[in-house]
Amino acid sequence: PTLQFPCRPEINMKSACLSLLLVSVCWALPFRQSGFMDFMMEDEPGSGSPMPPVFKPRTPTPPPVLPEGPDGHFCPFRCQCHLRVSQCSDLGLFDRQNVCLERNTVDKTLILVNNKITIIHAKAFSSLINLERLYLSKNLLKDVPANIPKSLQELRIHENQINKIKKSSFAGMANVIVMELGSNPLSSSGVDNGAFADLKRVSYIRIADTNITSIPKGLPSSLFELHLDGNKITKVTADSLKGLKNLSKLGLSHNEISVVENGSLANMPHLRELHLDNNMLTSVPSGILHPKMKILHFVTLSFNQFQVIYLHTNKIAAVGTEDFCPPGYNTKKAMYSGISLFSNPVPYWEVQPITFRCVFDRSAIQLGNYRKK
């Protein structure tokens with residue numbers, strides 16, 4: 001006899017379902033991902049019928065709306081606006097009509113660098129009542145713009161075509177701290193005496209790479225840094241640096257200076273960095289050791305405040321034992337943290353070691369071979 005098990009209907013039902021599922025999988029088509037345009041076509045009228053779609057007449061496009069900046073104000077055309085900053089490009093002029101909008105009443109910085117601006121309307125800045133930084137570099141301006149906001153603290157207008165700085169150019173700009181005027185076709189006769197008189201708070205002025213032949217007179221006494229590199233200055237006089245009692249850094253590199261008048265640096269007690277490299281000096285300037293110069297009597301404070309002097313690439317043929325350090329100076333108190341004398345026709349093997357007795361460290365002295373050009 002054979003054993004027979006009773007039929008279980010639930011097992012037969014599961015088998016039938018599994019068979020149907022396998023059949024449907026075998027006949028299924030490969031999967032195809034629907035793109036965004038496929039969904040759009042499915043929603044268009046007539047996409048599910050053989051009839052061609054019915055096109056509706058195109059409605060006129062509304063005029064573009066100026067984008068809003070992050071502060072909710074409209075951003076001027078051809079400008080990129082960030083928080084209190086507008087940067088504009090592709091401009092040929094700057095006036096109230098094409099750039100200055102209500103947004104600019106909240107701007108702190110306006111950047112118009114590297115455009116082709118030739119003219120700025122006299123009332124272009126009338127709404128910029130809170131402007132602090134104005135960058136106009138690399139344009140085609142021939143004059144300093146008129147009516148610059150009195151709130152301005154930083155003006156950079158280098159690399160233009162400005163050949164005249166009038167006495168009225170910076171009138172009333174008492175809040176300016178930084179002034180950049182380099183790389184303009186300026187001459188000494190093009191800078192009026194007293195042109196910087198109203199800059200009562202300015203601490204940084206740069207007039208580099210121009211055609212000036214002398215240090216401008218009447219510079220503000222508030223100056224902390226003065227950069228006149230890359231000009232055609234031939235002489236440093238006491239009168240030209242008169243009143244600069246707060247000056248700490250003086251840049252006169254790449255000029256044609258052959259004379260530094262004795263005592264010309266005497267009235268700058270805080271001067272600690274002097275750049276006279278790449279000039280035509282034939283000796284170490286005697287003016288740096290004027291007896292009244294307090295700069296030569298710094299002692300070690302909570303921070304090191306030593307003098308640095310750059311004299312490389314000149315025509316200095318000799319260095320004396322008292323050129324940098326006065327006789328009888330206390331060698332325990334350093335005066336200099338750096339002296340550069342390389343690329344001068346001085347026979348370095350003849351320089352006495354005592355010459356640098358007031359230098360902070362011997363490694364701070366830069367000497368090198370001289371190569372005739």
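The model is predicted.

Figure 1. The protein is made of 373 residues, and 40% of them count as buried. Among contacts with a separation of 6 or more, 55% are between residues 24 or more positions apart.

**Figure 2. Phe170 and Phe196 form a stacked aromatic pair.** The count of aromatic pairs in the protein comes to three. In the pair of Phe170 and Phe196, the distance is 5.8 Å centre to centre, with 25° between the planes. Phe170 belongs to the loop between strand S5 (154–156) and strand S6 (178–180), while Phe196 belongs to the loop between S6 and strand S7 (204–206), so the pair ties together parts that are 26 residues apart in sequence. Phe170 and Phe196 are both buried.

**Figure 3. Phe324 and Tyr336 form an edge-to-face aromatic pair.** The ring centres of Phe324 and Tyr336 are 5.9 Å apart and the planes stand at 90°; planes over 60 degrees apart count as edge-to-face, so this pair is edge-to-face. Phe324 is in the loop between strand S13 (307–310) and strand S14 (336–340), and Tyr336 is in strand S14, so the pair ties together parts that are 12 residues apart in sequence. Phe324 has 0% relative accessibility and counts as buried. Tyr336 is also buried, with a relative accessible area of 0%. Together with Phe356, Phe324 and Tyr336 form one aromatic cluster.

**Figure 4. Cys325 and Cys358 form a disulfide.** A disulfide is a covalent bond between the sulfur atoms of two cysteines. The count of disulfides in the protein comes to one. The sulfur atoms of Cys325 and Cys358 are 1.8 Å apart. About the S-S bond of Cys325 and Cys358 the torsion is about -90°, so the disulfide is left-handed. Where do the two cysteines, Cys325 and Cys358, lie? Cys325 is in the loop between S13 and S14, and Cys358 is in the loop between S14 and strand S15 (365–366), so the pair ties together parts that are 33 residues apart in sequence. Cys325 is buried, at a relative accessible area of 0%. Cys358 is buried as well, at a relative accessible area of 1%.

Conventions:
Residues are numbered from 1 along each chain as its sequence is written. This is a predicted model: local features need pLDDT of at least 70, side-chain atom pairs count only at pLDDT 80 or more; totals for chains, interfaces and linings use all residues. Side-chain values use heavy atoms; hydrogens and water are left out. Buried means under 20% relative accessible area, exposed over 50%, partly exposed in between (1.4 Å probe, protein chains only). Contact means heavy atoms within 4.5 Å. Rings of Phe, Tyr and Trp (its six-membered ring) pair if their centres lie within 6.5 Å; planes under 30 degrees apart count as stacked, over 60 as edge-to-face and the rest as tilted. Helices (H or I, at least four residues) and strands (E, at least two) are DSSP runs, numbered from the N terminus. A disulfide is a pair of cysteine sulfur atoms within 2.5 Å.
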